[in-house]
Amino acid sequence: MEEVKLFGAWPSPFSYRVIWALKLKGIPYEYVEEDLSNKSALLLQYNPVHKKIPVLVHGGKPIAESLVILQYIDETWPQNPLLPKDAFERSKARFWAKFAEDKGSTIWAIFRTGGEEQEKAMKESLEMLKTIEEHALGGKKFFGGDTTGLADLTFGGIALWLGVIEDIVGVKLVEPHTFPRLCAWIENFKEIPVIKQNLPDREKLFVYLKHRREILLASP
Amino acid sequence: MDSSDVKVLGAWPSPFVMRPRIALNIKSVTYEFLQEGLGSKSELLLQSNPVHKKIPVLIHAQKPICESLIIVQYIDEVWSSGPTLLPSDPYDRAVARFWAAYVDDKWFPCLRGIAKAQGKETREEAIEQVKEGLVLLEGAFEKCSKGKGYFGGEKIGYLDIAVGSFLGWIRATEKMNGVKLLDEAKTPGLVGWAERFCANSAVKEVMPETEKLAEFAKILQAKFKAPPPN
């Protein structure tokens, strides 16, 4: 099998999406930690358009954008599939993965802002979470059904990073009485061995993100 | 299969709506085109896409599929006996998906930014960004086409549909602003590709005329600038 390399960054949920996919499928890979404040020449060469992590390099060929990478992994290594076989079910999985991708930034907006802007971001985040609660999970254990799939990995940020942001900012967005399905999903998701063993240390993440927020709010 | 089994909810000016229509045409699938009026959303649309309430929606045997590029992939997978839309090699597929995401997430907001720009400077900045993006897409075209006529190679594929659906609006924007966005000097490959794409039988009947789009754009601008009713 050709060599697989992942360029990632330990605080990033996008990085973890790819780690989870590779581990769920049992694919050996070399991990390269990028310092996001000092990006390597290799990263810039592999992802000149966005200059971001994660980047997967397979047999020397780079793929960027986590959702593109996840689908590439699923199509190249079909064991433990991330997408269902039925075309309609696949379209729903892709729909929710895209939703997570597009709307997930509202939670980061809470983290990056204060005052009125933050109020707006909180409102949008709550609406987004409500939509997931009401439309996406249904009665299922995971977004993917009985097992995790593409959408679960894409929503993975909610399982840890959301809680850390809530603690730093001092808000509670997701509570069991308002989001029973989502809370159950968070617990179930974190219990999956591959996920449980591949999450950043919560304390370390808290310290790192708290510091980042201080810098962000201090800059003009 | 009778056409009532396949419906597309949309509107003629929308580049996103064009995408499933082109895909269905390539697959020779007949469908009913249900148009939404400007400023109003039908019950069917609200029921079929409760999350975003947006067009396009494909309704196939009463099941709704939303998000234009997801619809195109669905069409490719369901009508698998027709010409394929996504490349067969997983790496080529990843490259096609990467550039389609770029066009939607990064490039199209710049194009829209030209119409939204409030002053001359902002408009010129937006125009520059659109042009820079097109230079990137020229590079993508060179790599993906591998010397052939389309992003998909010998025939129209997923990425052709993703990028090509914006050609009507590119031309309308050029006309309304007196600029050249696609030009022979900087993007010769794309210029040739654009002609080919628009002349293709699967595209011709759904690509709106530049004149009509420019008129429509004026109506849209007037609508947004008009004072709200009391």
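This is a predicted model: local features need pLDDT of at least 70, side-chain atom pairs count only at pLDDT 80 or more; totals for chains, interfaces and linings use all residues.
Let me begin with a turn in chain B: Ala61(B) has a positive phi near 50° in the hairpin of S3(B) and S4(B), where 2 residues lie between the strands. Strands here, like helices, are DSSP runs numbered from the N terminus, with at least two residues (E) for a strand and at least four (H or I) for a helix.

Residues are numbered from 1 along each chain as its sequence is written, chains are lettered from A and ligands numbered from 1 in the order in which they are written, and side-chain values use heavy atoms, with hydrogens and water left out.

I return to the hairpin of chain B. Its two strands, S3(B) and S4 (residues 63-66), pair in the antiparallel sense over 4 bridges; pairing requires that DSSP finds at least two bridges between two strands. Within this pairing, Val57(B) is opposite Cys66(B) in S4(B). Strand S1 (residues 6-10) of chain B also pairs with S3(B), antiparallel and over 4 bridges, and there Val6(B) stands opposite His60(B). Is S3 (residues 57-60) of chain B covered on both faces, or on one? Both faces are covered, with Val57(B) and Ile59(B) buried on one side and Leu58(B) and His60(B) buried on the other. Buried means under 20% relative accessible area, exposed over 50%, and partly exposed in between, with a 1.4 Å probe and protein chains only.

Next, the sheet of chain A. In general, strands of a sheet pair through backbone hydrogen bonds, either parallel or antiparallel. Chain A has an open sheet of 4 strands in the order S2-S1-S3-S4, with mixed pairing. Strands S2 (30-33) and S4 of chain A stand at the edges with a single partner strand each, so one side of each has no neighbour in the sheet. Neighbouring strands of this sheet are turned by 20° against each other on average, direction ignored; the angle is taken between axes, which are lines fitted to C-alpha atoms, for helices over the stretch in contact, and angles run from 0 to 180 degrees between N-to-C directions.

Inside that sheet, strand S1 (residues 4-8) of chain A runs antiparallel to S3(A), joined by 4 bridges, and Leu6(A) is opposite Leu56(A). Strand S3 (residues 55-58) of chain A is likewise joined by 4 bridges to S4 (residues 61-64), again antiparallel, with Val57(A) opposite Pro62(A). S3(A) and S4(A) form a hairpin with 2 residues between them, and Gly59(A) in the turn has a positive phi of about 55°.

I now turn to the aromatic residues. Rings of Phe, Tyr and Trp (its six-membered ring) pair if their centres lie within 6.5 Å; planes under 30 degrees apart count as stacked, over 60 as edge-to-face, and the rest as tilted. Over all chains, 23 aromatic pairs are counted. One of these is stacked: Phe108(B) and Phe166(B), at 4.8 Å centre to centre and 25° between the planes. This pair links distant parts of chain B, 58 residues apart, with Phe108(B) in helix H4 (residues 90-116) and Phe166(B) in the loop between helix H6 (158-164) and helix H7 (167-177). Both residues, Phe108(B) and Phe166(B), are buried.

The pair of Phe151(B) and Trp193(B) is edge-to-face, because the ring centres are 5.1 Å apart and the planes stand at 85°. Phe151(B) lies in the loop between helix H5 (120-145) and H6 of chain B, and Trp193(B), 42 residues apart from it, in helix H8 (residues 188-199). Phe151(B) is buried at a relative accessible area of 5%, and Trp193(B) is buried at 1%. In chain A, ring pairs link a cluster whose members include Tyr16(A), Trp20(A) and Phe143(A).

Finally, the cysteines. A disulfide is a pair of cysteine sulfur atoms within 2.5 Å, and the count over all chains is 0. Cys110(B) counts as buried at 17% relative accessibility.
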